[in-house]
Amino acid sequence: MKESFGKLDSSSLRIAIVVSRFNEIVTSKLLQGALGVLRRTGCPEDAVDVVHVPGSFEIPLAARVLAQKKEYQALICLGAIIKGETDHDRYLGSRVTDAIGAIGLEFGIPIGYGLVTVDTAEQALDRAGLKQGNKGADAALAAVEMATLLKTL
Amino acid sequence: MKESFGKLDSSSLRIAIVVSRFNEIVTSKLLQGALGVLRRTGCPEDAVDVVHVPGSFEIPLAARVLAQKKEYQALICLGAIIKGETDHDRYLGSRVTDAIGAIGLEFGIPIGYGLVTVDTAEQALDRAGLKQGNKGADAALAAVEMATLLKTL
Amino acid sequence: MKESFGKLDSSSLRIAIVVSRFNEIVTSKLLQGALGVLRRTGCPEDAVDVVHVPGSFEIPLAARVLAQKKEYQALICLGAIIKGETDHDRYLGSRVTDAIGAIGLEFGIPIGYGLVTVDTAEQALDRAGLKQGNKGADAALAAVEMATLLKTL
Amino acid sequence: MKESFGKLDSSSLRIAIVVSRFNEIVTSKLLQGALGVLRRTGCPEDAVDVVHVPGSFEIPLAARVLAQKKEYQALICLGAIIKGETDHDRYLGSRVTDAIGAIGLEFGIPIGYGLVTVDTAEQALDRAGLKQGNKGADAALAAVEMATLLKTL
Amino acid sequence: MKESFGKLDSSSLRIAIVVSRFNEIVTSKLLQGALGVLRRTGCPEDAVDVVHVPGSFEIPLAARVLAQKKEYQALICLGAIIKGETDHDRYLGSRVTDAIGAIGLEFGIPIGYGLVTVDTAEQALDRAGLKQGNKGADAALAAVEMATLLKTL
């Protein structure tokens with residue numbers, strides 16, 4: 001039985017991060033979390049590109065354009081959708097999640113999924129470095145692990 | 001680390017707006033909001049085309065026909081879905097959101113997402129220029145920012 | 001700024017209607033509503049084809065076969081899904097709505113969306129000519145407006 | 001105005017049935033219902049193939065393999081998803097419904113949709129021949145009607 | 001009437017398992033369950049490859065890469081999504097279920113679906129070998145049955 005694992009080593013990876021500005025207090029923390037992971041796993045600073053988009057709906061288009069360039073071994077997508085009075089968050093959360101997943105499959109590129117989808121601002125901050133870890137860091141870890149794993153398959 | 005941003009400058013963009021007539025009191029305000037943003041970001045008036053469709057379900061078809069022409073650097077989609085007694089709004093909201101997103105990816109064109117999906121008419125008006133900003137203006141801003149961003153990637 | 005509108009003139013259109021028989025009391029009224037609109041917008045009677053299918057799940061297949069013939073400038077889909085004890089209606093409503101929308105985009109053909117998705121039979125009849133208009137008529141109006149609009153784009 | 005209808009005559013059709021074994025008390029009744037309809041509409045016994053799969057999730061793969069053979073004029077898919085403590089049933093019901101619909105469109109083949117999606121075992125049995133008809137029989141009727149209809153279009 | 005069945009015999013199959021590490025207490029039990037089934041159905045140990053991914057979102061990408069290799073007659077996907085305070089689990093459960101199903105259809109390969117989607121950790125453990133069987137074992141059984149079935153069609 002052969003077992004394959006990825007490694008938390010980004011020293012030979014080029015990685016692009018797409019981060020949305022909406023709910024920036026949250027998304028800037030997600031970005032810090034992701035960048036911290038890349039630094040600690042050895043990614044050279046000039047191997048990281050960061051692309052800023054207005055909101056979560058815009059993340060997939062930027063991600064797909066970056067995937068098409070075939071210059072990156074992984075992408076990381078960061079955004080924050082906070083429930084309001086309406087169902088808007090559901091349409092958005094569902095669409096953006098599905099699109100990010102589909103782009104990863106289409107181009108065979110790992111995409112760290114760092115979309116915080118929550119009911120309250122407090123829950124969002126909890127997931128951006130306060131109490132429940134940092135989803136941006138988690139997404140970066142997943143992206144690095146997957147990029148190194150794919151090389152072994 | 002390279003960081004990329006879009007700009008709020010539409011002076012060299014051709015943009016098409018698809019707007020639905022259903023709940024016209026709301027959608028006409030969304031259109032005003034979008035047109036105001038285009039004017040304030042420098043878009044020449046003759047660089048803007050507006051296409052009127054009956055309802056939200058018809059938005060994606062018009063958007064896809066416009067995207068196929070490859071004459072526009074961005075599209076803006078404006079509509080209003082207000083919850084009624086049934087689940088009709090959910091099927092519609094989900095379908096239209098997913099279709100607009102997919103058309104953007106298929107043609108690599110930014111599409112400002114200005115679909116107001118709400119439970120009450122009051123909530124709709126709140127998002128069309130009363131209390132919670134104007135989703136048409138937001139969609140236009142996102143479209144302009146993305147169109148200028150894509151040129152830098 | 002160029003503005004484009006459709007017209008409520010079906011005098012030069014060939015149109016196919018797909019109508020399901022399930023909940024026929026409702027769907028026959030939707031069909032009457034749609035045919036009435038076609039008549040009043042000038043569509044010659046021999047330019048209208050009607051295809052009867054058993055239930056809503058069967059609507060997309062018939063619609064796609066008709067779209068593939070490229071003989072029609074618009075389609076109209078009519079059906080009625082009434083909530084029962086289970087979630088069956090949701091799977092159906094979601095699938096049929098998405099499929100009709102996707103077929104329209106795939107073939108670039110307007111499809112009037114006349115699917116009544118309701119909780120009670122009373123709500124269904126309300127939308128089939130009693131109190132809240134006739135969704136079949138609405139779907140026909142949308143199809144005609146879109147078919148004439150597309151010619152101008 | 002041309003009107004097209006299918007016929008309840010399967011005497012010249014080859015039909016494959018995919019039936020899942022999970023909740024077999026229900027699905028065996030659905031199969032009986034479907035086979036009874038095929039017999040009563042004239043389908044020769046050697047024109048019917050039955051493929052047994054473990055659960056509902058496996059139905060689409062078997063259906064697609066059968067559709068690809070282009071030997072059948074219709075398929076019938078039978079399964080039973082009963083709500084448990086979790087959301088598992090929703091993911092499954094949604095996926096399987098969408099996939100069956102999509103396979104029908106991809107290959108232009110009618111697929112009778114006989115998926116019972118219920119909250120309780122009692123509701124399942126009600127739809128498998130007890131009180132509310134037999135969804136397997138309904139699916140077979142729809143498949144036969146659609147297969148004969150498509151020949152006329 | 002021809003009836004086709006699969007067999008619980010994996011002695012001539014090469015099978016890859018994708019298992020996520022998130023909620024590892026659960027997923028390691030799912031993996032044990034799946035491996036036990038493969039052993040008991042005769043699969044040689046060197047015919048099984050196991051690929052470890054960080055979380056459920058990463059399962060489809062690894063599965064698709066493995067399916068593309070065309071070295072395996074079946075895949076098995078194992079993961080555990082436990083509901084938290086937010087809707088995150090729904091977006092994930094829906095996306096991962098749909099993607100696994102779609103990959104199976106795209107490559108014509110059976111994929112045992114062993115995704116535990118639950119509200120509580122207790123429910124997860126119940127489905128990982130405590131009270132309600134082992135979903136990893138179920139997924140392996142389904143994969144083996146389908147792989148042998150497809151050879152007969």
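Why is strand β2 (residues 15-20) of chain D largely enclosed by the rest of the structure? Burial gives the answer. In this predicted model, 6 of the 6 residues of β2(D) are buried, so the strand is largely enclosed. A residue counts as buried if 20 or more other C-beta atoms lie within 10 Å of its own.

Look at how the side chains of this strand are arranged. In a regular strand, side chains alternate between the two faces of the sheet. Ile15(D), Ile17(D) and Val19(D) point one way from β2(D). Ala16(D), Val18(D) and Ser20(D) point the other way. The residues of both sets are all buried.

Now turn to the neighbours of β2(D). Strands of a sheet pair through backbone hydrogen bonds, either parallel or antiparallel. One partner is strand β3 (residues 48-53) of chain D, which runs parallel to β2(D) and is joined to it by 6 bridges. Another is strand β4 (residues 74-82) of chain D, which pairs with β2(D) in the parallel sense over 5 bridges. In β3(D), its bridge partner is Val51(D). In β4(D), Val18(D) stands opposite Cys77(D). Together, β2(D), helix α1 (residues 24-40) of chain D and β3(D) make a right-handed β-α-β unit.

Next, move to chain C and follow a whole sheet. The sheet is open and has 5 strands, in the order β5(C)-β4(C)-β2(C)-β3(C)-β1(D), with parallel pairing. The edge strands are β5 (111-118) of chain C and β1 (2-4) of chain D, and each pairs on one side only. From one strand to the next, the twist averages 15°.

Inside this sheet, strand β2 (residues 15-20) of chain C pairs with strand β4 (residues 74-82) of chain C in the parallel sense, over 5 bridges. Val18(C) stands opposite Cys77(C) in β4(C). Helix α5 (residues 135-152) of chain C packs on the sheet, where it touches β2, β4 and β5 of chain C. The direction of α5(C) makes about 155° with that of β5(C).

Another helix of chain C deserves a look. Of the 10 residues of helix α2 (residues 59-68) of chain C, 8 are buried, so this helix is largely enclosed by the rest of the structure. The buried residues are Ile59(C), Pro60(C), Leu61(C), Ala62(C), Ala63(C), Arg64(C), Leu66(C) and Ala67(C). After α2(C) comes Lys70(C), whose phi is positive, near 55°.

How do the chains meet? Start with chain B and chain C. Here 24 residues of chain B are in contact with 26 residues of chain C. On the chain B side, β3 (48-53), α2 (59-69) and α3 (88-107) each supply at least two residues. The largest share, 6 residues, comes from β3(B). By class, this side of chain B has 12 nonpolar, 4 polar and 8 charged residues. Strand pairing also links the two chains. β3(B) and strand β1 (residues 2-4) of chain C pair in the parallel sense over 3 bridges. In β1(C), the bridge partner of Val50(B) is Glu3(C).

Now go to chain E and chain A. In this pair, 24 residues of chain E are in contact with 26 residues of chain A. The elements of chain E that give two or more residues to its side are β3 (48-53), α2 (59-69) and α3 (88-107). β3(E) gives the most, with 6 residues. By class, this side of chain E has 12 nonpolar, 4 polar and 8 charged residues. Here too, strands cross the boundary. Strand β1 (residues 2-4) of chain A and β3(E) run parallel and are joined by 3 bridges. In β3(E), the bridge partner of Glu3(A) is Val50(E).

Some pairs of chains do not touch. No contact joins chain B and chain D, and their closest C-alpha atoms lie 13 Å apart. No contact joins chain C and chain E either, and there the closest C-alpha atoms lie 13 Å apart.

Finally, consider how copies are related. Two copies of a chain are related by a rotation about an axis and a shift along it. A rotation of 72° with 0.0 Å of shift along its axis superposes chain B on chain C, with an RMSD of 0.0 Å. The two copies are therefore related as by a five-fold rotation axis. In chain B, the C-alpha nearest the axis is that of Ser94(B), 7.3 Å from it.

Notes:
Residues numbered from 1 in each chain as written. Chains lettered and ligands numbered in written order. Predicted model: local features only at pLDDT ≥ 70, side-chain atom pairs only at ≥ 80, totals over all residues. Contact = placed C-beta atoms within 7 Å. Helix = DSSP H or I, 4+ residues; strand = E, 2+ residues; numbered from the N terminus. Nonpolar A, V, L, I, M, F, W, Y, C, P; charged D, E, K, R; others polar. Pairing = 2+ DSSP bridges. Least-squares fit on C-alpha atoms with pLDDT ≥ 70 in both. Buried ≥ 20, exposed ≤ 12 C-beta atoms within 10 Å, placed from the backbone. Right-handed = clockwise from strand over helix to strand, strands pointing away. Axes fitted to C-alpha atoms, helices over the stretch in contact; angles between N-to-C directions.
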